[in-house]
Every structure is written in C-alpha cells, then in structure tokens.
Amino acid sequence: MNLLIIGASGGTGRELVKQALEYSHNVTAFVRNPEKIRLQHANLTVAKGNVLDPDSVDSAVMGQDAVLSALGHKKWFIKTTILSEGTRNIVSAMEKHGVKRFICETTLGIGDTRGRLGLYYTLFVIPVITYFYFKDKEKQEHIIAESSLDWTIVRPGQLTNGRKKDVYRHGESIGSWIFTVHVSRADVAGFMLKQLTDNSSVHRSPAIAY
Ligand SMILES: NC(=O)c1ccc[n+]([C@@H]2O[C@H](COP(=O)([O-])OP(=O)(O)OC[C@H]3O[C@@H](n4cnc5c(N)ncnc54)[C@H](OP(=O)(O)O)[C@@H]3O)[C@@H](O)[C@H]2O)c1
C-alpha cells in the first residue's frame, strides 16, 4: 500500500516508518525537517511539510492509500491548536482526494476513556501539565469522528521506548482508574499498521496498553 506517515520524525512515527517498510509498503514520511530521517530505503520517500500548511498536506496526501498520524508536540503549557488544526488539514485533504483510511494516534485518558490513564495523570499530569494539550486532543478526535473517512483512533497508555513485544491488551475498555498503564511506541506502531487490514476497527477508538 502507499502510506503517508505524519509525524514520521517522532518516536512513534519512526517506528511506523521502519515497520511499514518491513511490511513492504511504499512509505512517504511527512516531516518538517527531512534531515531528521536518517533511514534510506528504496520504498521510502520523504515529503517536507507542516500540518499547519494545507498545501503541503494536500500534495502529500494525493495518491496515498492510507494515512497514519503520530502527530504530537511539547508545547504543553500554552493554548495550542496544532493537533486539531493540523488534523483538520489532513482530514480535508483526504476527503478531497478520496483517501479513506485514516489511523490516528491520540491518547488514553480522553473522551470516554477519561480517568483511565490512572490517578497520577487524572489528578496531576492532565489538569496541571497537559491541560491545553489534552483539550486540543479532544478537538482533534471530534474532527476525525465527524469526518467521512474510515478512521480508527488509537489511544495508547503512557509511551515508552521499549522493544516491540507484540503482546498487549487493546480495546475500548483498556486502562486503569488507579495505575498508569504503559505501552511501547514500537507496539503502538505495530498495532496501528495491523489496523490497515482489520476493518473491524473502522469508526472505533481502541486503547492499547500492556
Ligand atoms: N508521551 C506519552 O506518554 C504519550 C502517551 C499517549 C499518547 N501520546 C501521544 O502519542 C503521539 C505520539 O507521541 P510520540 O512521543 O511518539 O511523538 P513525538 O516524538 O512527540 O513526535 C511528534 C511528531 O509530530 C511532528 N510534528 C509536530 N508538529 C508538527 C507540524 N506542525 N507539522 C508536521 N509535523 C509536526 C514532530 O515533528 P518534529 O520532529 O519536526 O518536531 C514529530 O515528528 C502524540 O500525539 C502524543 O501526545 C503520548
């Protein structure tokens, strides 16, 4: 398949690129800074762009079979709309070009999983550190859910840089009210890629954690 990976220079994004190439997909890595992609592969194209620039998103989306997003940033303490605006641009380009399949990483702890990233996140991290970020993530999810796309929202627990275990729990009731649940970026990427051939997750928001 022709896959566009948004946030390809990030932790999950790099795993998505690496694993998608192992599955023999044709991969376009969408990045602000192409120098961050060190990997070279015959099936890898690097597209320079910014999700806040609709034209760059539009031309990267054209001709793809599916889009996977691991978009994120660290401007947690200020009100931002990067995730929602960027995702609106991705969704609009996909609708325009008839690219239907969208798999987007958000987070456990929002929407109907509120509270299930454990007490530390519920009482401290989300209200104190990532309040604006999580608000924008909620908007991002609404934009996806209201689209005409075949979307899957993937909501991981706290991310680690651990190895790919291929053993994890997933589904809409995953998470803990008390403890922080974890999952590696490598396993999240593997799960996201598996959704390309699993239509049962279309219009669903599975969480994933060990
Ligand atoms: N950290 C956790 O424990 C945790 C838990 C659950 C969910 N999540 C969520 O999972 C997602 C992935 O997290 P991660 O830590 O693997 O990612 P990350 O390392 O923070 O990478 C984020 C990616 O988004 C890109 N990006 C940011 N702004 C962009 C823009 N305007 N245009 C294009 N690309 C842009 C970054 O590009 P640059 O390289 O140019 O900056 C980077 O490639 C995030 O949404 C995160 O919030 C995180």
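**View 1. The buried residues of helix α6.** Ala186, Asp187, Val188, Ala189, Gly190, Phe191, Met192 and Leu193 are the buried residues of α6, where buried means under 20% relative accessible area, found with a 1.4 Å probe and protein chains only. Helix α6 spans residues 185–194, and eight of its 10 residues are buried, so the helix is largely enclosed by the rest of the structure. Helices are DSSP runs of H or I with at least four residues, and strands are runs of E with at least two, numbered from the N terminus.

The model is predicted: local features need pLDDT of at least 70, side-chain atom pairs count only at pLDDT 80 or more, and totals for chains, interfaces and linings use all residues. Residues are numbered from 1 along each chain as its sequence is written, and side-chain values use heavy atoms, with hydrogens and water left out.

View 2. Rings of Phe, Tyr and Trp (its six-membered ring) pair if their centres lie within 6.5 Å; planes under 30 degrees apart count as stacked, over 60 as edge-to-face and the rest as tilted. By this rule there are five aromatic pairs.

**View 3. The aromatic pair of tyrosine 168 and phenylalanine 191.** The ring centres of tyrosine 168 and phenylalanine 191 are 5.8 Å apart and the planes stand at 85°, so this pair is edge-to-face. Tyrosine 168 lies in the loop between β7 (158–160) and β8 (169–171) and phenylalanine 191 in helix α6, so the pair ties together parts 23 residues apart in sequence. Both residues are buried.

Terms used: Buried < 20%, exposed > 50% of the residue type's maximum accessible area, 1.4 Å probe, protein only.
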